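Please keep the sequence and the 3D view at hand while reading.

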Amino acid sequence: MTSALRIALQKSGRLSEDSYQLFKECGIRFDYGTGKLRSVSSNFPAEFLFLRDDDIPGYVEDGVADLGIVGENVAVETGRSVNTIHKLGFSKCRLSIAIPRGTEWSGIQDLTGKSIATSYPTLLGNYLKGAGVNADIHEISGSVEIAPGIGLAEAVCDIVSSGSTLLSNGLQEVETIFRSEAILIANPELDADKQTLVDKLLFRIKAVQAAKNNKYIVLNAPNHAIGQITSLLPGMRSPTVTPLATEGWSSVHSVLNENEFWENIEAIRAAGAEGILVIPIEKMIY
Ligand code: ATP
Ligand code: MG
């Protein structure tokens, strides 16, 4: 019997819901959210640990967990030796420098000799070093945005998604230093049994992600237009074309990247397609 994979997830925060949802969509069931700190899956050889996100890279490096989900920002900041095995596409955000609104800004060199409050001293330090700017980095662990208002620092470097927190604290974003999304990290020395389980999990994750980006398209078209329409709907191998009960008409079924569908929709309609259905796909395996 192979041993179970141990997977570290954020207990509660901006990564949690999407992380839990991802495993659910992969058909891996486990309980969470009842204050539990660990949970064993009922249908996949995996045990889940619920932790603070900052602790996850360390646990994965030490082998306490085999896998973990964290923001790239945290993985890089902690500097732990873990492998990034897959980008997950959620919890997208950026790490940016912001200064009090109304302050003049001509570029990153304006920060020379200034103090900057951040929870990301390594990422900020590397960025400033790369830009040849000497500034004083003031590390604080939370509520970074209030630092300029209370005279603690002249600028901040913090996570931004919509920018509304900055705005409500009288700050303006002036420079993005890092872009982040959730990633799946792994201990670099997994044994063969665990690697087999990781491969199984990755296979499912990729099928879920592919399904999200694609739609199943069904439409009706006059037979003379089929050639043109199928060239606009390439499908996984080629579209399925079946005759309708109405003479001279067919139904065309295909799978298409959603963006590609919207880009081609006018041409598809102009070619004579009618009754177009766009249907979500649950899993997609190439
Ligand atoms: P913990 O209690 O686990 O230490 P935390 O307060 O440090 O949680 P969260 O605010 O839950 O962390 O953010 C976790 C991760 O989610 C961040 O490291 C970042 O990658 C991403 N993130 C943070 N803010 C946002 C946001 N506004 N939008 C999208 N993703 C975000
Ligand atoms: Mg944290």
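In this predicted model, the centres of domain 1 and domain 2, taken over C-alpha atoms, are separated by 28 Å. The contact between them draws 6 residues from domain 1 and 7 residues from domain 2. On the side of domain 1 that touches domain 2, helix α3 (residues 72-78) gives the largest share, with 4 residues, and the residues of that side divide by class into 1 nonpolar, 3 polar and 2 charged.

**Domains and database annotation**

- The domain assignment divides the protein into domain 1 (5-90 + 182-190), domain 2 (93-180) and domain 3 (214-280).
- An unreviewed UniProt entry lists residues 52-206 as "domain: ATP phosphoribosyltransferase catalytic"; over these residues the chain is 29% helix and 30% strand, with its end C-alpha atoms 26 Å apart.
- The feature "domain: Histidine biosynthesis HisG C-terminal", likewise taken from UniProt (unreviewed entry), is placed at residues 211-283, a span that is 32% helix and 40% strand and whose end C-alpha atoms lie 5 Å apart.

- Helix α4 spans residues 121-131, and within it L123, L124 and L128 are buried.
- Viewed down the axis of α4, the buried residues fall within an arc of 125°, and they therefore line one face of the helix.
- The exposed residues K129 and G130 are carried on the face of α4 that is turned away from its buried side.
- The elements that cover the buried residues of α4 include helix α3 together with the strands β6 (93-100), β7 (115-118), β8 (136-139), β9 (155-160) and β10 (171-180).
- Just after α4, G132 takes a positive phi of about 70°.

**Positive phi in residues other than glycine**

- S91, which lies in the loop between β5 (83-87) and β6, has a positive phi near 50° although this residue is not a glycine.
- S91 counts as buried because 25 other C-beta atoms lie within 10 Å, where the cut-off for a buried residue is 20 or more.
- S143 is also not a glycine, yet its phi is positive at about 45°; its place is in the loop between β8 and β9.
- With 12 C-beta neighbours inside 10 Å, S143 counts as exposed, since a residue is exposed at 12 or fewer.

**Partly exposed residues and their surroundings**

- L244 is found in the loop between β13 (240-243) and β14 (249-257), and with 14 other C-beta atoms within 10 Å this residue is partly exposed.
- Apart from its neighbours within four places in sequence, L244 is in contact with N220, W249, S250 and S251.
- Between the C-alpha atoms of L244 and A98 there are 61 Å, the two residues being 146 residues apart along the chain.
- L167 belongs to helix α5 (residues 164-168) and is partly exposed, with 14 other C-beta atoms within 10 Å.
- L167 and S81 are 36 Å apart in space, C-alpha to C-alpha, and 86 residues apart in sequence.
- S39 is part of strand β2 (residues 38-40), where this residue is partly exposed with 19 other C-beta atoms within 10 Å.
- When its neighbours within four places in sequence are left aside, the contacts of S39 are F30, D31, Y32 and F48.
- S39 and N213 are 174 residues apart along the chain, and their C-alpha atoms are separated by 30 Å.

How values were computed
Residues are numbered from 1 along each chain as its sequence is written. Chains are lettered from A and ligands numbered from 1 in the order in which they are written. This is a predicted model: local features need pLDDT of at least 70, side-chain atom pairs count only at pLDDT 80 or more; totals for chains, interfaces and linings use all residues. Domain bounds come from an automatic or database domain assignment. Two residues are in contact if their C-beta atoms, placed from the backbone, lie within 7 Å. Helices (H or I, at least four residues) and strands (E, at least two) are DSSP runs, numbered from the N terminus. Ala, Val, Leu, Ile, Met, Phe, Trp, Tyr, Cys and Pro count as nonpolar, Asp, Glu, Lys and Arg as charged, and the others, Gly among them, as polar. UniProt positions are given in the numbering used here, feature names are shortened, and annotations may be inferred rather than shown by experiment. The arc is that of the directions from the helix axis to the C-beta atoms.
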